[in-house]
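Try each task before reading its solution.

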Number of protein chains: 2
Amino acid sequence: MTVARRFPTEHDPYPTRLDEPRAMIQRREPVLHGGVRAPGPLSRAELEQFERDGFLVFENFFPAGEMRPFLDEMRELSRDPKMLGRRRTIREPGCEEVRSIFAIHEISGRFHRLTREPRLLHMARQILDSDVYIHQSRINYKPGFRGRGFNWHSDFETWHSEDGMPRMRAVSASILATDNFELNGPLMLIPGSHRYFVPCVGRTPRDNYRQSLRDQTLGVPDEGSLAELARDGGVRAVKGAPGTLILFECNTLHASNANMSPYPRSNLFFVYNSVENRLLDPYCGSAPRPDFLGARANARALRGLRREAA
Amino acid sequence: MTVARRFPTEHDPYPTRLDEPRAMIQRREPVLHGGVRAPGPLSRAELEQFERDGFLVFENFFPAGEMRPFLDEMRELSRDPKMLGRRRTIREPGCEEVRSIFAIHEISGRFHRLTREPRLLHMARQILDSDVYIHQSRINYKPGFRGRGFNWHSDFETWHSEDGMPRMRAVSASILATDNFELNGPLMLIPGSHRYFVPCVGRTPRDNYRQSLRDQTLGVPDEGSLAELARDGGVRAVKGAPGTLILFECNTLHASNANMSPYPRSNLFFVYNSVENRLLDPYCGSAPRPDFLGARANARALRGLRREAA
């Protein structure tokens, strides 16, 4: 096990949550850890596109009809009194509506199996060039009228500082469970932003996640850096029917607006991390966040994924 | 002069800001006060569309290049220390960025002339079947990253309760000064919603406008009514280049999302009210809002518009 590094340290390649602004940093790790020739379900053209943009979109990755049981179970979970009392259930700011439920693969056999869907697993392994495990899973409900947005952020920035993820070697799968369209706050990404790390200003308070999962203010890049990256890469909003898959790199900047429409925008979200990129102590110096936000992977979980992905 | 009616009154056809929810009310006035045969620049098909949907969109109403001086002046105004100290200048919630400036036709010769643009004036007269005057004018800046949205509302609901506008006989012109597109919070409208008045719950506090112009919570229809109207009419987001005109009925429900993009969504907004629909005392029972929000039309202003529109 690598020795944990604590903030502040000269050895941290991705310093963030700082007292003073600091310029963007070029990422150190490759985007494609096995290169463009890594074997797997993604074509060379797809790998090159992922390397360039930091994400790929697959329409009809699952037939829309197959998403129905997932949506039904998502709705049941959001109404289940047992779930409502749990820490992993996050409410929308300003109301009691459920915003997110975390670690859903531990709660539900159906979601557990979905995280192990062979095509997903093999794509993650192809990009990360190693075995993988689930670092985080969640449902984002974004209910009609009440669903608030998600501020601009790199997931890696949070996972590095608050969970101790050492390197950029993780990939996220967002699976659309309802129609995502211009009116209900679709995911927006800045193509190419994954090639830079934007250090963010502001020390991380204890238990920051209780606030940040409802309304993120820390770990949000400064507007100058966002504008610069958007000038280069533009901003892309991903719309699609249920069953669409968005595969995105852990450091790709993304955000989404509030849902002002009557139509919920409910999505599933799984993060595959390389087994060679296990969590250390958080770089922000705080205690690790709960396991339902960042799994401190155990051998059993890893063996399971290895076997099924083989 | 009609005698002012104070809240609560049995004679108010459009009760709102109530203690208890109340069902939607069918509008009393026609949408086209002069019917579909009223003479003017709008074709019969356009008039019929306005009657059905509650709005019309004209791309390239002004050539995009002609909007440049307006945008330049809008930016100057937002940086002018004199303007920043005035009550008519409204800041974004949570920051010092300018959200809106009101009564811009009184400040600037360029904007004054634009409110008197003959095609605009004649369309307003054609719909309202009378002379008109400017009830309100404003710039909405919605700056990049910081511009917050506008909650669902009918303008008439506010103008009736807080300004004493007796009837639905006003029409708004929104003129796009920057590109409005899916990422910077374009105007969303519910087609057909202008045919119903949705009474809203919540008494109006004194000087409500100081809060409501930054973040409107009163005068927002209940989610059930919004969903019902959206089920019938859908929701339409209007995108367009600078110079696009959106003409919409005073009671059409509309909203817009926050601007999470780097690109400002800055628009002009003029309200033409019929001279036969002058403001009375506010129906909510409070003192009238300042003149920069709802003009208590004087004879001079009215004569001016009559002459130029003749």
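Two strands pair if DSSP finds at least two bridges between them. Strands (E, at least two residues) and helices (H or I, at least four) are DSSP runs, numbered from the N terminus. This is a predicted model, in which local features need pLDDT of at least 70, side-chain atom pairs count only at pLDDT 80 or more, and totals for chains, interfaces and linings use all residues. Residues are numbered from 1 along each chain as its sequence is written, chains are lettered from A and ligands numbered from 1 in the order in which they are written, and side-chain values use heavy atoms, with hydrogens and water left out.

**Exercise 1. Find the partners of strand E11 (residues 245–249) of chain B, and say how far the strand is covered.**

Step 1. Start with strand E2 (residues 55–58) of chain B. It runs antiparallel to E11(B), joined by 4 bridges. Phe55(B) has Phe248(B) as its bridge partner in E11(B).

Step 2. Turn to strand E7 (residues 170–176) of chain B. It pairs with E11(B) over 5 bridges, also in the antiparallel sense. Here Ser174(B) has Ile246(B) as its bridge partner.

Step 3. Check burial. Buried means under 20% relative accessible area, exposed over 50%, and partly exposed in between (1.4 Å probe, protein chains only). In E11(B), 5 of 5 residues are buried. One side carries Leu245(B), Leu247(B) and Glu249(B); the other carries Ile246(B) and Phe248(B).

**Exercise 2. Describe the meeting of chain A and chain B.**

Step 1. Count contacts (heavy atoms within 4.5 Å). On chain A 23 residues take part, and on chain B 23.

Step 2. Locate the elements. Strand E6 (150–153), helix H9 (223–233) and strand E12 (254–256) of chain A each supply at least two residues of the side that touches chain B. H9(A) gives the largest share, 4 residues.

**Exercise 3. Where does Asn208(B) sit, and is it buried or exposed?**

Step 1. Asn208(B) lies in the loop between strand E9 (196–197) and helix H8 (209–212) of chain B.

Step 2. Read its accessibility. Asn208(B) has a relative accessible area of 8%, so it is buried.

Step 3. List its surroundings. Leaving aside neighbours within four places in sequence, Asn208(B) is in contact with Arg17(B), Glu162(B) and Leu218(B).
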